[in-house]
Amino acid sequence: MEAGFSHRHLLDLASLSAEDIDHILRTAQNLKEILSRPIPKVPTLRGKLITHLFFEASTRTRLSFEKAAKALSADVFNFTARMSSVEKGETLLDTVLNLEAMGTHLFVIRHPMAGAPHFIARHTKARVINAGDGFHAHPTQALLDMLTVKEKKGTLSGLKVAIIGDIRHSRVAHSNIVGFRKMGSEVYVSGPATMLPPEAEALGARVCYRVEEALEEADVVMALRVQKERHGRKLFPSLREYAQAFGINAKRLSLAKDDCLLMHPGPINWGVELSPELQHHPQNVILEQVTNGVAVRMALLLLLLGGAS
Amino acid sequence: MKLLLRGGRIVDPSQGLDQELDLLLEDGRVQALGEKLEVQGAKVINCQGLVVAPGFIDMHVHLREPGEEWKETIETGLEAAVAGGFTAVACMPNTKPPNDNAEITRFILERANQVGLARVYPVACITKGQKGEELTEFGDLKAAGARALSDDGRPVPEAVVMRLALEYAKNFDLPVISHAEELSLSEGGQVNEGLASATLGLKGIPSQGEAIAIFREVMLAHLTQSPIHIAHVSTKLGIEIIRSAKARGIKVTAETAPHYFTLTETATLGYDTRAKVNPPLRSEEDRQAIEEALAEGVIDVIATDHAPHSELEKVCEFERAACGLIGLETALPLSLRLVERGTFDLSRLVSLLSTNPARILKVPGGTLRPGSPADVTVFDPEERWVLTPEVLRSKSKNTPFLGWELKGRAVLTIVSGRVVFTRL
């Protein structure tokens, strides 16, 4: 294990220091090389059992964690809430304790309720990684975003990061605001004001009601998915108006710096938050984010589960 | 049976008293107050160094019986009450089934009589099934022993229903207590909207929602000329509305709970479900405003909103966890912190815990005037103790104050001249 990473769990970025984040990103950069080998696998975590507890749909995050675990030779249990005893009324705590009794060393949890990973971390001896909890945090997504920016820009400080979209219901925005602020960058957020809470300023973001103001001279432009499934009520009148007023297109992107990065955590609603003309735009690094996701998750598994590197 | 409390510091704002005197109780009544009383055949209890006050009345508790006896029963709830220095409690109607008819009211009183510790004043529902639609039978409920009306926990959604309740309550002289919350703004809310909701990624409950609801209630009290009591005020905005309503002469009274002047939303920041409560813990600015309102008289009562929940409802995901915390055994020491800090004096403390709730509920007590019921709370303002699950009498242990070192403790609780609890 690399010295200097003392956390038992990765629950959110608020509990990490800038040094911790830097440590994770450096570890990920080192591990990335493994992924380009002819046989992209090392035996480091042989014998470790990682249990994926997914109480919400996921493609990228779940498979990315699975790929990371397998590249390090760990065993993986894939638990999904559907087709499990959760449907018979088993509590989260009982589920976790049972899977711990089967030998789980680390839980990767995604849950619709904010704080669910913090809750299980208090009750299990295993390690816990938050793979997204409600509207709260998605720390591995923010770390992979930061790794991508660091690779392209060489630094994470002094940048202007613009996040556009549904800020209120986005755990990705939440973790990126916290993470980029910790690393010394400015974060501007914009979107429909019904999804743009003034409290975002409590996290250190600057709230802009004009999208253009957030985009001007930005180094990083991050569009968020319009999360139709998360809104109790309609928070904007139509997708058409959303695309017109808040969607990122080539013209809006030209307000940002020439070498800005265009990012999106996926899945993308093309034609809503991103105009299809940006699909092959030279500044689009969306798929590189995905590759970096595997490296970041490998780094976290390694740092939390030990194993000689 | 004669009981002589010797040499205690009598604090009784109903008579403007704060001095060392003897107190004689006889046949369930206060017989005399005076210096060095000589009485034949009385049992003498030395109260030197202790404060002797009219019995504390908690006008907002949840006893959970009938229906949720795994959380609390009338017996365990009353054991907690007397251990905390309360000689009477008003119990809220959100039992299962809810106390919306005379039969449930009678059941509660019958159980309370069997237990025989603190007095119990049942609060009955304003509307049938707490559904906010049809009024309950206020007359029948009053005859069965109900002392007030509230749909606590479920605010009456429509102003017109609340108007009818305030009007009809006048026929039976029953106080109406409002849980003031604008439901459409708080729906799905978990914590205070602001720092806590932003940090935790949980849906917020804006303080403006409480203020909107309080404003509606005072306007209806104005319209109907009927008194309204606002339960568990948690916001500065709400206090400002109550202050201006009182200045206008509207018949409004208000209570707050110790957690609202002791804690802020930061207590929820680790997803600590013990700090999950409705209304939620608010900002430091709100907390300070509550402290000031207690001193100033805008808030009339400290009530606990004692809300027992077992581990089943509390050791779980924050959004799944039940709202509420227990308070009967911590209200006195937490309130004494404000006396120690100089926010108000002991006399004001006794008004908040005894005189005012008696007046608002129109029940006996709240005074040590000769002839009044011999309900007395004696406490040691200096005793230091640590709150642990083991010392709690309540069946549930859901309090964010576990592990706190507290100062001040009830040592003797007397109801109708009978010692129902003593640490002496």
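Strand β1(B) pairs with strand β4 of chain B, residues 43-46, in the parallel sense, over four bridges. Two strands pair if DSSP finds at least two bridges between them. Opposite B:Leu3 stands B:Lys43 in β4(B).

A word on the source: this is a predicted model, where local features need pLDDT of at least 70, side-chain atom pairs count only at pLDDT 80 or more, and totals for chains, interfaces and linings use all residues. Residues are numbered from 1 along each chain as its sequence is written, and chains are lettered from A in the order in which they are written.

Back to β1(B). Strand β5 of chain B, residues 51-54, also runs parallel to β1(B), joined by two bridges; there B:Arg9 has B:Val51 as its bridge partner. With β2(B), residues 17-26, the sense is antiparallel, and nine bridges join the two strands. B:Ile10 stands opposite B:Gln19 in that strand. The hairpin of β1(B) and β2(B) has four residues between the strands, and B:Gly16 takes a positive phi near 65°.

Is β1(B) mostly covered or mostly open? Mostly covered: eight of its 11 residues are buried, meaning that 20 or more other C-beta atoms, placed from the backbone, lie within 10 Å of the residue's own.

Next, the cores. A nonpolar core is a set of buried Ala, Val, Leu, Ile, Met, Phe, Trp, Tyr and Cys residues joined through C-beta atoms within 7 Å. The largest has 120 residues, and B:Val52 is one of those with the most contacts inside it. Helix α13 of chain B, residues 346-361, gives the most to this core, seven residues. Not counting residues up to four places away in sequence, B:Val52 touches residues including B:Leu5, B:Ile10, B:Leu23 and B:Val376. Another core, of 107 residues, lies apart from it, and includes A:Leu31 and B:Ala198.

Last, the contact between the chains. How many residues does each chain put in? Chain A gives 21 and chain B gives 17, where contact means C-beta atoms, placed from the backbone, within 7 Å. On the side of chain A that touches chain B, α3 (92-101), α4 (116-123) and α6 (171-182) each supply at least two residues. The largest share, three residues, comes from α4(A).

Key. Contact = placed C-beta atoms within 7 Å. Buried ≥ 20, exposed ≤ 12 C-beta atoms within 10 Å, placed from the backbone.
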